[in-house]
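Please keep the structure open while reading.

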Amino acid sequence: MSTNTTITGSDRSVPARRLRGWTWLAAGAVLVLLGIAVWLALGLLSAARDARAAATRARTELQASARALRAGDQARARLGIRAATLDLARADAAAHRVTVRVAGRLPIFSWPVADLRHLLAAGHILVGAADKAVTVQARFTGSGVVHQGRIDLAGVQGAAHDTTAVLGDLRRARAELDRVRGGWLAPGAAGARDATLRQLDDVEGQLRPLHDVVQVLPAAVGAAGPRTYLMAVSNSAELKAWGGALLAIAQLRFDHGRVTVPRSGQLREQQLTGRLRWPYVPGDPWHPPGSVSLFSSAGLSPNFPTSGEEILRAYQTLTGVRADGVIALDPTALAGLLRVSGPVTTPGFGKVGGNDVVRLLLADSYGRYPDRQVRHQYNQQLMDAVMRRVLQGGDLLRQVRGLGAATAGRHLQLYFRDRRLQDATRAHGLAGALSSSTQDYLGVFTVNSNASKTDYFQRREIEQRVRLTADGSARVDRAIRLANTAWPQPGVDPHTGYRTGWSRPVVAAYVPGSATGVTVRVDGKRADWTSFRELGRLVVRTGVWLPPRSAHTVTVSYWLSGAAVPTDGGLRYRLIADTQPIVHPATLRVVVVPPSGFQAQTGSGWSAADGTMVATRQLTRGVTFDLDLNR
């Protein structure tokens with residue numbers, strides 16, 4: 001027997017109702033999830049925006065703190081650091097909101113949260129590093145590491161420890177920033193990362209030179225045994241290629257941080273005069289083997305590592321003292337020191353400040369004090385007063401920064417026989433070494449050859465005109481205009497010595513060693529010239545007489561293959577120019593005539609003029625000119 005089952009319409013609707021129920025439930029769940037996602041996204045964006053704003057304020061405060069620190073205002077620097085700390089605390093509060101904590105556990109939102117945390121971690125590290133940097137600077141102010149002729153070796157070692165710690169902090173901050181990814185879910189994160197990286201670079205750029213100095217300073221000041229250095233003051237009114245004729249010498253002796261000055265004074269008073277020979281530096285073309293020289297002319301090469309060694313060797317020949325290095329500075333460097341430390345007062349000159357010391361020493365003193373012995377006595381009083389000011393301590397970092405421009409212009413140059421010290425000196429642009437170059441090179445130096453004191457009145461203008469060809473070679477014409485602005489002397493001018501208004505500079509033009517077809521003209525007329533090679537370069541020399549209120553132009557021309565090198569779009573011309581430390585910096589104008597079919601864009605210091613590209617600089621420091629030419 002069979003049984004029939006009847007399915008009614010109401011029975012068929014049960015699964016449908018169940019399906020619709022599940023559909024609505026799923027839709028509701030999706031809406032809830034979407035709501036949560038929107039809540040998380042908006043919350044995360046809001047938190048990131050608030051944290052980013054607070055972190056931006058913190059960066060601004062740290063920048064202000066860094067400016068205050070450079071100015072020597074430690075109190076204001078610490079105020080900026082405290083303000084930055086408070087701003088970061090606000091950023092932390094935003095980063096710890098519920099939405100951020102929840103988002104950090106979800107796959108999609110976790111990486112922008114991680115970006116935010118890396119940025120804040122880097123910010124905290126940077127604030128801590130800034131606080132330590134203020135502590136480091138405090139060691140070099142007041143009666144810090146230098147006081148009354150003694151260098152506190154324990155303080156130097158403490159500074160070395162602090163700078164090492166700060167640099168380690170900066171590396172940790174950089175590692176945090178390297179993990180920031182950025183992207184559409186973290187708007188502004190990449191920009192914040194890049195801004196903080198620039199701030200890290202700025203802090204490290206300020207700290208690295210000090211770190212390098214304090215690492216080598218203990219050995220330099222006799223921690224492991226006495227060290228002797230010469231401090232040489234040069235006379236910019238009587239130029240040599242590296243600087244000026246030696247005006248005065250002081251012998252500094254460092255023994256476990258204590259500084260003494262066994263002897264100092266003008267060359268004549270120390271019997272550092274007379275003709276002599278010494279074992280010249282091998283390869284120095286300015287001192288040919290067997291030639292005779294003077295101690296005042298021991299340094300002739302514009303490459304100060306060469307001239308510094310020659311000065312040390314000549315000094316040892318005369319005195320028997322083997323010094324470990326030489327610190328050379330001229331009146332322009334003295335002016336930088338006095339502008340920071342304030343004027344000094346001497347019995348002879350009276351009150352002397354940074355704005356008048358150059359003219360006083362190099363020009364006015366010869367007229368005011370014609371008696372050489374009196375003038376030398378007054379000069380020595382001034383040197384002694386400046387040295388006492390430096391050795392008594394005070395804000396050492398401000399004094400160093402006051403020498404910043406002088407250092408760039410080679411008015412302060414250092415040479416050490418200790419290789420570690422010399423490497424640090426060279427790394428920070430204090431060695432006075434000529435630059436290396438694989439393309440075009442410019443060095444213009446004048447050497448006083450009539451024992452006059454008229455180089456204070458020299459004005460120098462240089463134009464380098466470069467006519468490039470499509471293969472990168474060039475015809476170069478270097479026009480050197482020298483003007484003597486001195487006034488004629490009353491009576492009969494002897495043309496030489498202290499009282500003349502005449503100048504007789506020997507021009508030494510350094511050109512690339514591969515230069516060919518060299519010619520020399522003076523005021524457009526062919527002139528005699530001699531040459532030698534130094535450091536792979538050709539040195540072209542010729543002399544001119546400059547009566548008072550006159551000028552001459554010496555033009556050195558040459559052909560140079562490889563003046564411009566190929567690039568993907570065409571050619572790149574590069575000129576590296578070194579400067580001579582003179583009272584009135586030279587002006588350099590570079591004019592490049594592009595090859596036919598090549599064009600260059602203006603910018604980066606270049607401007608277009610009559611189918612040429614022109615760049616002008618004042619040679620207060622070494623300069624590199626780059627010009628890209630496209631087909």
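Predicted model: local features only at pLDDT ≥ 70, side-chain atom pairs only at ≥ 80, totals over all residues.

**Pairing of β26**
- Strand β22 (residues 570-578) runs antiparallel to β26, and 8 bridges join the two.
- Asn630 in β26 is the bridge partner of Gly570.

**The open sheet**
- An open sheet holds 8 strands with mixed pairing, in the order β17-β16-β20-β14-β13-β23-β25-β24.
- Its edge strands, β17 (525-526) and β24 (607-609), each pair on one side only.
- β24 pairs with strand β25 (residues 612-618) in the antiparallel sense, over 3 bridges.
- Thr612 in β25 is the bridge partner of Ala609.

**Helix α9**
- Helix α9 (residues 357-368) spans only 14 Å between its end C-alpha atoms, whereas a straight helix of 12 residues would span 16 Å.
- Buried residues in α9 are Val357, Val358, Leu360, Leu361, Leu362, Ala363, Ser365 and Tyr366.

**The second largest pocket**
- The second largest pocket contains about 820 Å³ of space.
- Its lining has 40 residues, and those nearest the centre are Glu238, Ala245, Leu294, Ser296 and Lys453.
- Helix α9 is one of the elements that give two or more residues to this lining. The others are β3 (227-239), β4 (244-255), β7 (293-294) and α10 (372-391).
- By class, the lining of this pocket has 19 nonpolar, 13 polar and 8 charged residues.

Methods. Residues numbered from 1 in each chain as written. Heavy atoms only, no water. Helix = DSSP H or I, 4+ residues; strand = E, 2+ residues; numbered from the N terminus. Expected span 1.5 Å × (residues − 1). Buried < 20%, exposed > 50% of the residue type's maximum accessible area, 1.4 Å probe, protein only. Pairing = 2+ DSSP bridges. 1 Å grid on protein atoms, 1.4 Å probe; cavity = no way out; pocket = protein on both sides within 12 Å on 5 of 7 lines; lining within 4 Å. Points joined across faces, edges and corners; volume = space filled by probe spheres on them. Nonpolar A, V, L, I, M, F, W, Y, C, P; charged D, E, K, R; others polar.
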